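Q: I would like to learn how to read a pocket and the strands around a pocket. Where do we start?

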Amino acid sequence: MKLKSILVILCLIAGAGLTQLSAQNPEPEGNSWWIEKTFGTYVYCDGELIDWIGGVMKAHVVDKYKDGIWVRQIIQITGEAYSYQTNEKFKFQRVGKYYPLEDKSIFHYNLKGDEGTHYILKHMYEFNPWSITVISAKCH
């Protein structure tokens with residue numbers, strides 16, 4: 001009899017846990033995935049293009065939909081990248097959003113080099129026509 005009681009209690013606990021997990025998705029209209037590919041960025045400081053930093057990194061991508069329409073994509077990229085000018089190695093972090101209805105993206109970058117270089121950047125990319133707007137750039 002004790003074994004039956006223990007099994008019933010375990011089933012109740014597992015059922016309650018699964019119910020809680022299924023209730024935690026506030027926006028059911030979305031999906032996410034991981035990709036690994038080459039990412040990079042131009043580095044503008046004081047209005048001048050001074051570097052291009054890139055490498056193969058992992059990205060977590062989340063698509064969001066509203067009423068079945070793709071309204072934004074959230075992208076988080078991390079990894080190691082290299083300066084194409086100096087070959088300095090950087091810890092690369094990029095977080096941003098793509099707005100498909102407006103065909104533009106806004107990204108925040110944090111790039112820390114192993115030789116002491118540090119870039120904190122915010123860029124807006126517009127895709128039709130193609131343009132990059134430097135919203136802010138801190139270059140140390």
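A: Start with the term strand: strands (E, at least two residues) and helices (H or I, at least four) are DSSP runs, numbered from the N terminus. The model is predicted, so local features need pLDDT of at least 70 and side-chain atom pairs pLDDT 80 or more, while totals for chains, interfaces and linings use all residues. Residues are numbered from 1 along each chain as its sequence is written, and side-chain values use heavy atoms, without hydrogens and water.

Q: Which strand gives the most to the lining of the largest pocket?

A: A pocket is an open set of points on a 1 Å grid over the protein atoms alone, where a 1.4 Å probe fits, with protein on both sides within 12 Å along at least five of seven lines; lining residues have an atom within 4 Å of a point. Here β1 gives the most, with 8 residues. β1 (30-45) is one of the strands that each supply at least two lining residues.

Q: Which residues lie nearest the centre of the largest pocket?

A: Lys37, Phe39, Arg94, Phe107 and Phe127 do, out of 20 lining residues.

Q: How do β1 and β2 pair?

A: Two strands pair if DSSP finds at least two bridges between them. β1 and β2 are antiparallel, over 16 bridges; Trp34 has His60 in β2 as its bridge partner. The two strands form a hairpin with 2 residues between them, and Asp46 in the turn has a positive phi of about 55°.

Q: What is the bridge partner of Lys58 in β3?

A: The partner is Thr78. β2 and β3 pair in the antiparallel sense over 11 bridges.
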